[in-house]
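Student: I would like to go through the labels used for this protein and check each against its cut-off. Please take them one at a time.

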Amino acid sequence: MGPVKAPLTMLAVLTFLAACQGEQEPVEAQRFSLDAARHVPTRPVASPDTEGAAWSVTNDAQAIAFGRRGSTPLLTLACDLKKAPVQFRIVRHVTAQPGEKALLPVIGNGTISRFKVDATLAGGEWRWEGSLPASDPSLDVFTGPRELEATLPGGGSLLIEGSRIPGEFVNWCRAGGKVQRVEAAEDADAGKAKQPSPAPPAR
């Protein structure tokens with residue numbers, strides 16, 4: 001009978017422990033989002049190599065893009081003349097996650113401007129975009145010929161060689177797209193003024 005009592009005693013102990021555990025308060029449940037659990041933070045993007053990059057006018061002539069010819073632009077400045085007031089859009093072509101927001105500081109021409117940008121889906125690409133009135137003084141950072149530096153958290157620093165193109169584009173946008181026509185007219189008038197007067201007829 002000895003060997004039978006040991007298992008019975010162990011069974012009683014296990015039953016007692018189970019009963020004690022049943023009387024404990026349940027652990028508080030924690031709620032979490034499956035999307036948040038699945039999200040893996042992206043690695044910071046290294047500062048892009050801008051060797052050979054330059055400004056170019058887009059096909060619709062409503063924007064200028066900085067980057068290598070034939071490659072995805074690194075930065076785009078766009079003008080929406082159809083809106084009132086005229087809107088200026090800044091696009092940093094770095095992969096963004098839906099719902100994210102950031103500040104895009106741009107340093108240059110003795111000015112520091114910080115633009116609010118949001119993750120935006122356009123053309124199948126999640127990228128950083130910010131929009132503001134073309135008259136906003138923060139756009140003055142683009143209106144000089146000096147080097148620019150645009151830094152995006154996690155997206156590296158974009159160094160842009162000095163050029164007059166961004167400033168000319170900002171001024172064109174602010175004037176509603178009329179600057180080039182006005183300058184052309186002024187150049188034509190100046191050309192006429194420089195023409196020599198006809199010589200008086202010989203006597």
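Student: Why does Arg-89 count as partly exposed?

Tutor: The model is predicted, so local features need pLDDT of at least 70 and side-chain atom pairs pLDDT 80 or more, while totals for chains, interfaces and linings use all residues. Residues are numbered from 1 along each chain as its sequence is written, and side-chain values use heavy atoms, without hydrogens and water. Buried means under 20% relative accessible area, exposed over 50%, and partly exposed in between (1.4 Å probe, protein chains only). Arg-89 has 29% relative accessibility, so it counts as partly exposed.

Student: What makes Arg-89 and Glu-129 a salt bridge?

Tutor: The term requires a side-chain nitrogen of Lys or Arg within 4 Å of a carboxyl oxygen of Asp or Glu. For Arg-89 and Glu-129 the closest N and O atoms are 3.6 Å apart, so the pair meets the definition. Arg-89 lies in strand 4 and Glu-129 in strand 7 (residues 125-133), so the bridge ties together parts 40 residues apart in sequence. Strands here are DSSP runs of E with at least two residues, and helices are runs of H or I with at least four, numbered from the N terminus. Glu-129, at 13% relative accessibility, counts as buried. Arg-89, Glu-125, Arg-127 and Glu-129 are linked in a network of salt bridges.

Student: What lies around the polar atoms of the Arg-92 side chain?

Tutor: The backbone oxygen of Leu-74 lies 3.1 Å from one of its polar atoms, and the backbone oxygen of Gly-155 lies 3.3 Å from a polar atom of the Arg-92 side chain. A polar contact is a pair of N or O atoms within 3.5 Å; within protein, one must be able to donate a hydrogen and the other to accept it, and residues adjacent in sequence count only if both atoms are side-chain atoms.

Student: How do you know that Lys-101 is exposed?

Tutor: Its relative accessible area is 66%, so Lys-101 is exposed. Its salt-bridge partner is Asp-118 (3.4 Å, N to O). Lys-101 lies in strand 5 (residues 101-108) and Asp-118 in strand 6 (residues 111-122), so that pair joins parts 17 residues apart in sequence. Asp-118 has 32% relative accessibility and therefore counts as partly exposed.
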